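The following report is meant for a reader who is meeting this structure for the first time. Please keep the sequence and the model at hand while reading.

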Amino acid sequence: MARRAVEQELSRERILEAARNLFVTKGYRAISMRSIGQHLGYSHGSLYYHFKEKAELFYAIVVEDFAHLAHRLVQASDVEETEGLSKLEYFMMEFVSYGMNNPHQYEIMFMIRDEELLAYCRFEQGRCFELFTSIVFSYLQDGGHVGGDPDQLSRTLFLSLHGFISYYIQDRIPFEEIKPLALSHVSLICRNLG
């Protein structure tokens, strides 16, 4: 009975959030299931109710974060009213907003350098890029920009946004503070498309 009460209190979401923060701030290799449990105030054994091992926990974080970003991108692509921006500009701003407002998630998703961990991220990164490419390509077709390789153009747009996020994410600057810079960056990119 006591074990069930502990398992109900220690939710999967709480574990994911704590582990995400610890992986980003201390590094994957420096963190153990025991240290995650200690951080949460539970024994590491209680974590094994939700995850068999640290690698499974890490992969669950990756999958959840990419699913959240994909949901945001699809929502952004369906918006009719775009605050005076083109649909492409609005979509790109949503991507930047996600990265800046979710720095721990973004770092795990796109900035991990550990080769072992990259294996967990590459498939999800590929799926995310396919979604990004399909949405960008539809906007470009709608705007009459049909020339060129859509994959190459999408990759260029993606990397430009990623560079912006990577630069500003280091200082943990809130999105609202850099929003004018982001708008300027996105507008410049879009002006030079055609």
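Predicted model: local features only at pLDDT ≥ 70, side-chain atom pairs only at ≥ 80, totals over all residues.

## A serine among its contacts

Not counting residues up to four places away in sequence, Ser154 touches Phe129, Phe132, Thr133 and Val136. Ser154 is found in helix α9, which covers residues 150–169, and with a relative accessible area of 1% it is buried.

## The chain as a whole

The protein chain contains 10 helices and zero strands, so that, from the N terminus on, its elements read α-α-α-α-α-α-α-α-α-α. Its C-alpha trace spans about 65 × 30 × 30 Å along the principal axes. Of the 194 residues in the chain, 46% are buried. Among contacts between residues at least 6 apart in sequence, 72% join residues that are at least 24 apart.

## Helices α6 and α8

How are α6 and α8 oriented to each other? Helix α6, made of residues 87–101, and helix α8, made of residues 115–142, pack at an angle of about 160 degrees, with their axes 9 Å apart. Since angles over 145 degrees count as roughly antiparallel, the two helices are therefore roughly antiparallel to each other. On the α6 side the contact involves Lys87, Leu88, Phe91 and Phe95, which meet Phe132, Ile135, Val136, Tyr139 and Leu140 in α8. Sorted by class, this contact has eight nonpolar residues, no polar ones and one charged residue. Phe132 and Val136, which take part in this contact on the α8 side, are also among the residues that Ser154 touches.

## Ala76 and Glu94

Ala76 has its place in helix α5, and Glu94 lies in helix α6. Leaving aside neighbours within four places in sequence, Ala76 is in contact with Tyr90, Phe91, Glu94 and Tyr139, while Glu94 is in contact with Arg72 and Ala76. The C-alpha atoms of Ala76 and Lys87, which are 11 residues apart along the chain, are separated by 8.5 Å. Glu94, at 19% relative accessibility, counts as buried because the cut-off for that class is under 20%.

| Residue | Relative accessible area | Class |
|---|---|---|
| Ser154 | 1% | buried |
| Ala76 | 3% | buried |
| Glu94 | 19% | buried |
| Arg172 | 37% | partly exposed |

## Helix α3 and the annotated span

In helix α3, which covers residues 33–40, the buried residues are Met33, Ile36, Gly37 and Leu40. Seen down the axis of α3, these buried residues fall within an arc of 100 degrees, so they line one face of the helix. They pack against α2 (12–26), α4 (44–47) and α5 (54–78). After α3 comes Gly41, whose phi is positive, near 85 degrees.

An unreviewed UniProt entry carries the annotation "DNA-binding region" for residues 32–51. In the model, this span is 60% helix and 0% strand, and the C-alpha atoms at its ends lie 12 Å apart.

## A loop residue with positive phi

Arg172 is found in the loop between α9 and α10, the latter covering residues 175–191. Although Arg172 is not a glycine, its phi is positive, at about 55 degrees. With a relative accessible area of 37%, Arg172 is partly exposed.

Key. Residues numbered from 1 in each chain as written. Heavy atoms only, no water. Axes fitted to C-alpha atoms, helices over the stretch in contact; angles between N-to-C directions. Helix = DSSP H or I, 4+ residues; strand = E, 2+ residues; numbered from the N terminus. Parallel < 35°, antiparallel > 145°, perpendicular 65-115°, else oblique. Contact = heavy atoms within 4.5 Å. Nonpolar A, V, L, I, M, F, W, Y, C, P; charged D, E, K, R; others polar. Buried < 20%, exposed > 50% of the residue type's maximum accessible area, 1.4 Å probe, protein only. Arc of directions from axis to C-beta. UniProt positions renumbered as here; feature names shortened; annotations may be inferred.
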